[in-house]
Amino acid sequence: AERGVTRTRVLVASHASRYVSLFLPGPASDFLGAEVRVGTGRADLAWSHPTHGVWFDEIKTWRHAGMAWDGATHDQIGRYIEAGRTTFGDRFTGVRLVVTGHTRDSVHIDAHGEVTPLMRSTLAPRALVMVGAA
């Protein structure tokens, strides 16, 4: 049993480290909270940036390349986009679906539902760490 607990702790630390080292927004972003109530669910993390607006990070630990969204994830993202638009209006810029188990599968779903690979989107980590980024 202890081996299982140790393995779980290592996995959690690994995924958390990956998020912090690859996806954490820079100092210009304000952390709005964790497990933030949005509509009928809770977004993992919520952020605000003076030029990039407000977005939610939904973190998944999928480990297989090209993992397709299941119906529950698709519905979850749709609810978060609707709630974000209702709550934040034009300041809401969407959801970053951050896949810590296979980072290249991470995407940005904008406020209108358009999906873009995260690293090529307006909410790419490199855009959020640059001071004064627009």
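**Exercises on a predicted protein fold**

From the N terminus on, the elements of the protein chain follow the order α-β-β-β-α-β-β-β-α. The model is predicted, and the exercises below are worked on it.

**Exercise 1.** State how many helices and how many strands the protein chain has, and describe how the strands are arranged.

*Solution.* 
- Step 1. The secondary structure consists of three helices and six strands.
- Step 2. The six strands form an open sheet in the order β1-β2-β3-β4-β5-β6, and the pairing is mixed.
- Step 3. At the edges lie β1 (30-38) and β6 (115-117), each of which pairs on one side only.
- Step 4. From one strand to the next, the twist averages 30°.

**Exercise 2.** Determine how strand β5 is joined to β6, and whether the two run parallel or antiparallel.

*Solution.* 
- Step 1. Strands of a sheet pair through backbone hydrogen bonds, in either a parallel or an antiparallel manner.
- Step 2. Strand β5 (residues 107-109) is joined to β6 by three bridges, and the two strands run antiparallel.
- Step 3. Within this pair, Ile 109 stands opposite Val 115 in β6.

**Exercise 3.** Identify the strands that helix α2 lies across, and give its angle to β4.

*Solution.* 
- Step 1. Helix α2 comprises residues 71-88.
- Step 2. The helix lies across β1, β2 (41-49), β3 (53-60), β4 (92-99) and β5.
- Step 3. Its direction makes an angle of about 150° with β4.

**Exercise 4.** Describe the largest nonpolar core and the surroundings of Val 95.

*Solution.* 
- Step 1. The largest nonpolar core holds 15 residues, and Phe 56, Phe 92 and Val 95 have the most contacts inside it.
- Step 2. Two or more residues of this core come from each of β2, β3, α2, β4 and β5.
- Step 3. Helix α2 contributes the most, with four residues.
- Step 4. Leaving aside residues up to four places away in sequence, Val 95 touches Phe 56, Glu 58, Ile 77, Tyr 80, Ile 81, Val 107, His 108 and Ile 109.
- Step 5. A second, separate core has nine residues, among them Tyr 19, Phe 23, Trp 55 and Leu 123.

Definitions and conventions
Residues are numbered from 1 along each chain as its sequence is written. This is a predicted model: local features need pLDDT of at least 70, side-chain atom pairs count only at pLDDT 80 or more; totals for chains, interfaces and linings use all residues. Side-chain values use heavy atoms; hydrogens and water are left out. Two strands pair if DSSP finds at least two bridges between them. Axes are lines fitted to C-alpha atoms, for helices over the stretch in contact, and angles run from 0 to 180 degrees between N-to-C directions. Contact means heavy atoms within 4.5 Å. A nonpolar core is a set of buried Ala, Val, Leu, Ile, Met, Phe, Trp, Tyr and Cys residues joined through side-chain atoms within 4.5 Å. Buried means under 20% relative accessible area, exposed over 50%, partly exposed in between (1.4 Å probe, protein chains only).
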